[in-house]
Each structure stands twice: as C-alpha cells, then as structure tokens.
Amino acid sequence: MATITTGGNGDKFPVTTGGRIIGVILMTTGVGFFGTLTAYIASMFLNLGRTRGPTEAELTQELRLLRERMEGVETKLHKIHAELPAQFGKPPEPK
C-alpha cells in the first residue's frame with residue numbers, strides 16, 4: 001500500500017495490525033484529498049473561458065418575441081393570399 005500511494009520506501013513502517021490499518025486509511029484519504037483538490041483546481045482553469053448561458057427568463061422573453069413575429073408573418077400571408085385572386089382573376093373551378 002505504501003508503494004501504491006507513494007507513501008514512502010518502507011524505511012519506517014507500522015508493525016502492529018492497528019497501526020497498519022490506520023496507515024492504510026491515512027494513505028488512502030491523502031490520495032483522495034489531493035485528487036479532489038487537483039480536480040477542483042483543474043475545473044477552475046477550464047471554466048475561465050466559459051460564459052454563462054441564457055437564463056430561463058431570457059429564453060422566455062426570446063420565445064415571446066419569436067411568437068409575436070410569427071403571428072405577424074402569418075397575418076401578412078393571409079392578407080396576401082386573400083388579395084391574390086383579386087389581382088389575377090379567379091382561379092379555374094376544379095372539374
């Protein structure tokens with residue numbers, strides 16, 4: 001365990017069972033702590049360039065504006081569709 005966790009080269013080590021258990025727990029906890037600390041620091045570096053995304057309120061406002069524009073386009077299309085037969089005469093009746 002000391003070799004795996006790079007806890008030392010074995011020149012000083014616990015000789016009792018209780019001491020060895022405590023040593024294993026301490027070494028495992030130390031590796032976990034430094035791994036967590038390293039991951040946290042790395043995530044801080046990775047998040048430096050990111051900008052925040054739009055909030056729910058901003059997305060709702062944008063959706064509302066898109067709906068209003070779409071309704072305006074539909075209104076214009078209906079108006080154009082109603083004027084076309086008057087401009088070009090009535091279409092032929094289907095047989």
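**Exercise 1.** Identify the residues that make the nonpolar surface patch of about 900 Å² in this predicted model.

*Solution.* The patch of about 900 Å² consists of Phe33, Phe34, Leu37, Tyr40, Ile41, Met44, Phe45 and Leu48. One of these residues, Leu37, belongs to helix α1, which covers residues 17–46.

**Exercise 2.** Classify Phe34 and Leu37 as buried, partly exposed or exposed.

*Solution.* Step one: a residue is buried under 20% relative accessible area and exposed over 50%, with partly exposed in between. Step two: Phe34 has 53% relative accessibility, so Phe34 counts as exposed. Step three: Leu37 has 36% relative accessibility and therefore counts as partly exposed.

**Exercise 3.** Describe the geometry of the aromatic pair in the structure.

*Solution.* Step one: the structure holds one such pair, formed by Phe33 and Phe34. Step two: the ring centres of Phe33 and Phe34 are 5.2 Å apart, and their planes make an angle of 75 degrees. Step three: planes over 60 degrees apart count as edge-to-face, so the pair of Phe33 and Phe34 is edge-to-face.

Terms used: Residues numbered from 1 in each chain as written. Predicted model: local features only at pLDDT ≥ 70, side-chain atom pairs only at ≥ 80, totals over all residues. Heavy atoms only, no water. Phe/Tyr/Trp six-rings, centres within 6.5 Å; stacked < 30°, edge-to-face > 60°. Buried < 20%, exposed > 50% of the residue type's maximum accessible area, 1.4 Å probe, protein only. Patch = residues over 30% accessible without salt bridge, like charges linked within 9 Å, V, L, I, M, F, W, Y side chains within 5 Å. Areas by Shrake-Rupley, 256 points an atom, 1.4 Å probe, with all protein chains shown as cover. Salt bridge = Lys/Arg side-chain N within 4 Å of Asp/Glu carboxyl O. Helix = DSSP H or I, 4+ residues; strand = E, 2+ residues; numbered from the N terminus.
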